[in-house]
Amino acid sequence: MTAGRSARVLSPAAPAPAASAALTVQARDLPLDSHVHTDLSPDSDAPIDAYASQAVERDIAEIAITDHVDFGPGMPAYGFTSFDERERVVRDAAERWAPHGLAIRFGVEISYERGHEADIREHLARNAYDYVIGSVHVFSHSPYHAERVAAWTAGRPLAEVVAPYFDEVLAAIRSGLFDTLGHLDFVKRYLVPHVTTAQLAAAPELYEPLLVALVETGTALEVNTSGLRQPPAETYPAGPIVERFAVLGGTAVTAGSDSHRTGSFTSGLEAGYGVVAAAGLGQLAFRRGGSRVGVALPDRFRTRGGVTGAYT
Ligand SMILES: [Zn+2]
Ligand SMILES: [Zn+2]
């Protein structure tokens, strides 16, 4: 739900906001955007072909359509569409665009809550996706909801402030259900300005159990660039967390724009790839329906003798 219910809705023909346009301009010649929403998500108005035509025009080789699937009545995507409908639309588009050199993968972003884990497990056992992101979102009953977040954060130690979100993320990782854990600290979007990104950066120990669980379960860490165009103005999670993940032995990292509008397609992805490279990792973890594959970062993110952060 990273576009948010209150986000300005753009028609497909409308110009992108200036910030997104600036981020998008540099994003050419990218091998993969692994997190993209279409109008098959309740909070997106973007037709799949609008992304596809942009991708072809800009030499972007591959995209994963990861529309929302929710399992709780009252959650925004609950009952919004069906697996069959989503599969048909995405597979049809994949066939249409393959001759133009674009690979479109059929992915999903599942909202994880512990109470729905059995339903999610059953859904994934029954239905085949190319690629599965599991994410914890912030819904109306959350302490981070706009009406409650000020009271929730006031005078509360940071560890307790983030616990409801991070505990759920930890359970999502430990479930072993997902290729990738989406936007690890998306809660930042709601905490700012009550809790600053600097405060979170000063408490890396809060992230440690999540990173350890990712490494132990082989779940990929996503560098979600939607945070760059939202109040935190940094990726979910920020670079130092990705670097710590690599130090702990994590190698499976990916990057996605989490675009919900045609104007934010691949937005910030150049910076997101940079975060991956700065952590010393040279490829993006992905799955195309079979086993996991590595998608190499473009050469400009690499240096002889290894990948460095010299991507600017
Ligand atoms: Zn999400
Ligand atoms: Zn998303």
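## Helices and strands: worked exercises

Phe166, Val169, Leu170, Ile173 and Arg174 of helix 6 meet Pro209, Leu210, Ala213, Leu214 and Thr217 of helix 9 (contact: C-beta atoms, placed from the backbone, within 7 Å). The model is predicted, so local features need pLDDT of at least 70 and side-chain atom pairs 80 or more, while totals for chains, interfaces and linings use all residues. Residues count from 1 along each chain as its sequence is written, chains are lettered from A and ligands numbered from 1 in the order written. Helices (H or I, at least four residues) and strands (E, at least two) are DSSP runs numbered from the N terminus.

**Exercise 1.** Work out how helix 6 is directed relative to helix 9, and sort the residues of their contact by type.

*Solution.* 
- Step 1: Find helix 6 at residues 158–174 and helix 9 at residues 208–217.
- Step 2: Their axes are 9 Å apart, at an angle of about 10° (lines fitted to C-alpha atoms over the stretch in contact; angles run from 0 to 180 degrees between N-to-C directions).
- Step 3: This angle makes helix 6 roughly parallel to helix 9 (under 35 degrees; over 145 is roughly antiparallel, 65 to 115 roughly perpendicular, the rest oblique).
- Step 4: The contact residues comprise eight nonpolar, one polar and one charged.

**Exercise 2.** Find the strands at the edges of the open sheet, then look at how strand 1 joins strand 2.

*Solution.* 
- Step 1: Follow the seven strands in the order 1-2-3-4-5-6-7; their pairing is parallel (a pair needs at least two DSSP bridges).
- Step 2: Strand 1 (33–36) and strand 7 (253–256) each have a single partner strand, so they stand at the edges with one side lacking a neighbour in the sheet.
- Step 3: Strand 1 runs parallel to strand 2 (residues 62–69), joined by two bridges.

**Exercise 3.** Examine the hairpin of strand 8 and strand 9.

*Solution.* 
- Step 1: Strand 8 (residues 283–287) pairs with strand 9 (residues 292–296) in the antiparallel sense, over five bridges.
- Step 2: Leu284 has Val295 in strand 9 as its bridge partner.
- Step 3: Four residues lie between the strands, and Gly289 has a positive phi near 95°.

**Exercise 4.** Decide how far helix 11 is enclosed.

*Solution.* 
- Step 1: Ten of the ten residues of helix 11 (residues 269–278) are buried, so the helix is largely enclosed by the rest of the structure (buried: 20 or more other C-beta atoms within 10 Å; exposed: 12 or fewer; partly exposed in between).
- Step 2: Its buried residues pack against elements including strand 1, helix 10 (239–247) and strand 8.
- Step 3: After helix 11 comes Gly280, with a positive phi near 85°.

Note on methods. Contact = placed C-beta atoms within 7 Å. Nonpolar A, V, L, I, M, F, W, Y, C, P; charged D, E, K, R; others polar.
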